[in-house]
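Me: Please take a close look at one helix of this model. Then set that helix in the context of the chain around it.

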Amino acid sequence: MESINQSHPYVPRDLNLPDFTPGVLSQSTIVGVYGSCSLLVVSLIWIISGRFPKTSKIDRLLMCWWAFTGLTHIILEGYFAFSPQFYTEKTACYLAEVWKEYSKGDSRYAGRDAGVVTVEGITAVLEGPASLFTVYAIANKTSYRYILQIAISLGQLYGTAVYFITSYLEGDNFAASTYYYYLYYVFANSFWVWIPTLIVIRSWKKICAAFETEFKDEKTKTC
């Protein structure tokens, strides 16, 4: 049992991961594939969004974001949530390799921490599809597109807050090194902090502006 516990690269070293199988793909390969696929998705959505009349560049960028984050939630986080034994995968399954690598920045993933699994599961099942639906909502300029963006962004911010706070309360000692801590745990997750925050602020302003315009119109008709 002692050799099994120490055969993985994660912290704490006594984390029990029976039948753990080391990753096959290198960090550069994992990050490179993810980056390339993300760039492909963003590029396709950017091109397609240009075909919708009177769609601003900001809305087109938002469509790219929602497509990217939606697919990330569904594919990557969905795999994690429903693959409890990913660390035992012996083939070069890319999704398993992603989480073996990411666990170097937060071993709670390999250890199947209940809080992390819950947050990721909800994110994959609810926020993932909702994010993709938001692409449609923005493209078709639906009346609910701003409320939808606020709702999903607040969900992302809540999930991220729970993720960071629970780590802090549990000692915040789950990274194999400072390098992995700041690259994966801090930097990679930061996008789901500042981008949703900006979206909430923008959407709130848009909703307020619409109500102000409607109020003025009603006041004018009354006068």
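Reply: In this predicted model, helix H3 has a kink of about 25°, centred on His73. The bend at a residue is the angle between axes fitted to the seven residues ending there and the seven starting there. Helices (H or I, at least four residues) and strands (E, at least two) are DSSP runs, numbered from the N terminus.

Now the length. H3 covers residues 57-81, which is 25 residues. At 1.5 Å a residue, H3 should span 36 Å. The expected span is 1.5 Å times one less than the number of residues. The end C-alpha atoms of H3 are 34 Å apart, which agrees.

H3 is mostly covered, with 19 of its 25 residues buried. Buried means under 20% relative accessible area, exposed over 50%, and partly exposed in between, with a 1.4 Å probe and protein chains only.

Phi of Lys54 is near 55°, a positive value in a residue other than glycine. Lys54 counts as exposed, because its relative accessibility is 81%.

Next, H2. Helix H2 runs over residues 27-49 and holds Leu40. Leu40 is exposed, at a relative accessible area of 52%. Leu40, Leu44, Ile48 and Phe52 make a nonpolar surface patch of about 350 Å². Patches take residues with over 30% relative accessible area and no salt bridge; like charges are joined within 9 Å, nonpolar side chains (Val, Leu, Ile, Met, Phe, Trp, Tyr) within 5 Å. A salt bridge is a side-chain nitrogen of Lys or Arg within 4 Å of a carboxyl oxygen of Asp or Glu. Accessible areas come from the Shrake-Rupley method with a 1.4 Å probe; for residues, only the protein chains shown count as cover.

Then the whole chain. There are seven helices and zero strands. Of the 223 residues, 42% count as buried. The C-alpha trace spans about 80 × 35 × 30 Å along its principal axes. Among contacts with a separation of 6 or more, 70% come from residues 24 or more positions apart. Contact means heavy atoms within 4.5 Å.

On conventions, residues are numbered from 1 along each chain as its sequence is written, and side-chain values use heavy atoms, without hydrogens and water. Local features need pLDDT of at least 70 and side-chain atom pairs count only at pLDDT 80 or more, while totals for chains, interfaces and linings use all residues.
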